[in-house]
Amino acid sequence: MSDSGTAAQLPVLRLKRNEDRRLHAGHLWIFSNEVDTAQTPLPKFKAGELVRVLAHNDRALGLAYVNPKSLIAARMLETWQIPDAAWLARRIRAALTLRDRLYAKPYYRLVYGESDGLPGLIVDRFGASCVVQIGTAGMERLKDAIQAALIEVLHCDGVLFKNDGSTREMEGLASYTEAALGNFDQPAQVIEDGLEFQAPLTTGQKTGWFFDQAANRRALAKYIRPQARVLDVFSYVGAWGVRAAQHGAQVTCIDSSAAALEGAAANAARNGVKLTTRKGDAFDVLEELAKEGAKFDVVIIDPPAFAKRKKDVPKALAAYKRLNQLAMSVVADDGLLVSCSCSYQVSAEELQDAIAKAMRGAAKHLQILEMGGQAPDHPVHPAIPETRYLKAYFCRVNESLK
C-alpha cells in the first residue's frame, strides 16, 4: 500500500540501524531503545500520537501510534490509512468473520489485540453487548471511533468500557469503568456449549468472563466420571465447576470472593446442578483440606497471573510450585490435576518444570496427558509470541511408584 498524502503529513519516528528487522519478520512492537532518539527524540511526541515509522535509511515502514511513557514506544498498525471508525469497522468485520465460523452463538472474544490487527484493543461479546478493554494510549484516542465501529458492525445495544487493566498503568493511563451505551446493572448472559451462565461485567474479573479457557473446559469433560469428587480452585463464578457438575461430579468451588461463590452457586442452579463452596485464600484452603485428609478425583487450579512483568518470574515460579504441590496433596490416587497459568512471562516449559518440582516435593508420580492453550477466539500471531499466554496441563497423579 502506498503512502497517502494525509499520512505523509504525520510526524516521523525514525529507528536505529537494523532495528527494523523484527518488524520485517512481522512483529508490531517498537521498543524505546530501538528508536533513533538523536533524530526523533521520544519526549517530543504526545502519548497516543500517530506517526510514520521510517527505518534508518528512510525506508517507510508504516503507521504506528507512539507513547513516550511506555517501554513499548510504538505499535505498528499495518496500514497507511489514518485510523477512523470506518477503518476500525473493516478490521472488526474481519475479526467477526472468524468468530462467526467458530461459534454458533455470539459469546466470545471478538477482538484480540495484535492478533486481529488492532494492537491495544480487546473486545468481548456477550450477545448484544460488548465489553471493551483499551490498553494503550493510541487506542484510547480512538475510543469514540471504536464505539461507533462496534455499533455499525454488530448493531449492539450495550458498550461497556472496562478500562482497568494493569497495562494501562504502564501506558500512563487512568483506570475507569464506563457504560457508554446501554445498562450494565445486571449480570450478562453467557452461553457455552449449551450451559447458561450469568457474568458480572462491571464488577467481575477482567471483562467479566474467561472465554480463553472454553476449549480447556470442554476438554475436561472426558475426564469426569459420575460422582467424581471435583475441586475447582480460583473458581470465580463456576465455569469449570458447573461443567464438571453437568457431567455428574460432586463439585466444591474455592474462591476468595463471596460474590464470586454466590455467582457460582447461582450458575449451578441455573443449569439444574448443585455444588458446594468454600471461601478463602486458595493456598490456605488447600492446606486446610490436606490437613483434613480430603481427597478429590479431579483438582483444577486456574489462578490469576502470578507474573505481570519479567522481574516477577522467579517469585511466580515459586508460587506455581507451591500451588501445584498443595493441589497434588489433595488429589486422590490415580486422580487428575488440571494446572493452568495465564502468565505470558512464564513459559510452558517453566510451568512444566514447576509442576515437576511440585511432584517431587509431594512425592507423587505424575504423567502429563495433554496440554491445552487459549481458545481459537484468542488466535496467536505467529510473529508475536506475546499473543500466546495460556497454558493448561492435564496431569494424571499417582502415589510414588514402588
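Student: How many helices and strands are in the protein chain?

Tutor: There are twelve helices and 19 strands. Helices (H or I, at least four residues) and strands (E, at least two) are DSSP runs, numbered from the N terminus. The radius of gyration is 23 Å, close to the 21 Å that the globule rule gives for 402 residues, so the chain is as compact as a globular protein of that length. That radius is taken over C-alpha atoms, and the rule is 2.2 Å times the number of residues to the power 0.38.

Student: What should I know about the model before reading on?

Tutor: This is a predicted model: local features need pLDDT of at least 70, side-chain atom pairs count only at pLDDT 80 or more, and totals for chains, interfaces and linings use all residues. Residues are numbered from 1 along each chain as its sequence is written, and side-chain values use heavy atoms, with hydrogens and water left out.

Student: What share of the 402 residues is buried?

Tutor: Buried means under 20% relative accessible area, exposed over 50%, partly exposed in between (1.4 Å probe, protein chains only). Here 54% of the 402 residues are buried.

Student: Which strand can I use to see burial on both faces?

Tutor: Take strand E9 (residues 158–163). In a regular strand the side chains alternate between the two faces of the sheet. In E9, Gly 158, Leu 160 and Lys 162 lie on one side, Val 159, Phe 161 and Asn 163 on the other, and all are buried. Six of the six residues are buried, so E9 is largely enclosed by the rest of the structure.

Student: Which strands pair with E9, and are they parallel or antiparallel?

Tutor: Two strands pair if DSSP finds at least two bridges between them. Strand E8 (residues 129–134) runs parallel to E9, joined by four bridges. Ser 129 stands opposite Gly 158 there. Strand E10 (residues 176–181) pairs with E9 in the antiparallel sense over five bridges. Asn 163 faces Tyr 176 in that pairing.

Student: Where else is there a parallel pair?

Tutor: Look at E13 (residues 229–233). Four of its five residues are buried. E13 pairs with strand E14 (residues 250–255) over five bridges, in the parallel sense. Asp 232 stands opposite Cys 253 in E14.

Student: What joins E4 to E5?

Tutor: A hairpin does, through five residues. Strand E4 (residues 60–66) pairs with E5 in the antiparallel sense over three bridges. Within that pairing, Tyr 65 stands opposite Arg 75. E5 (residues 72–76) has five of its five residues buried. Strand E2 (residues 29–31) also runs antiparallel to E5, with three bridges. There, Phe 31 is opposite Ile 72.

Student: Where are Ala 294 and Arg 90 placed?

Tutor: Ala 294 is in the loop between helix H10 (282–292) and strand E16 (296–301). At 19% relative accessibility, Ala 294 counts as buried. Contact means heavy atoms within 4.5 Å. Leaving aside neighbours within four places in sequence, Ala 294 is in contact with Leu 289 and Val 330. Arg 90 lies in helix H3 (residues 85–102). Its relative accessible area is 44%, and Arg 90 is partly exposed.
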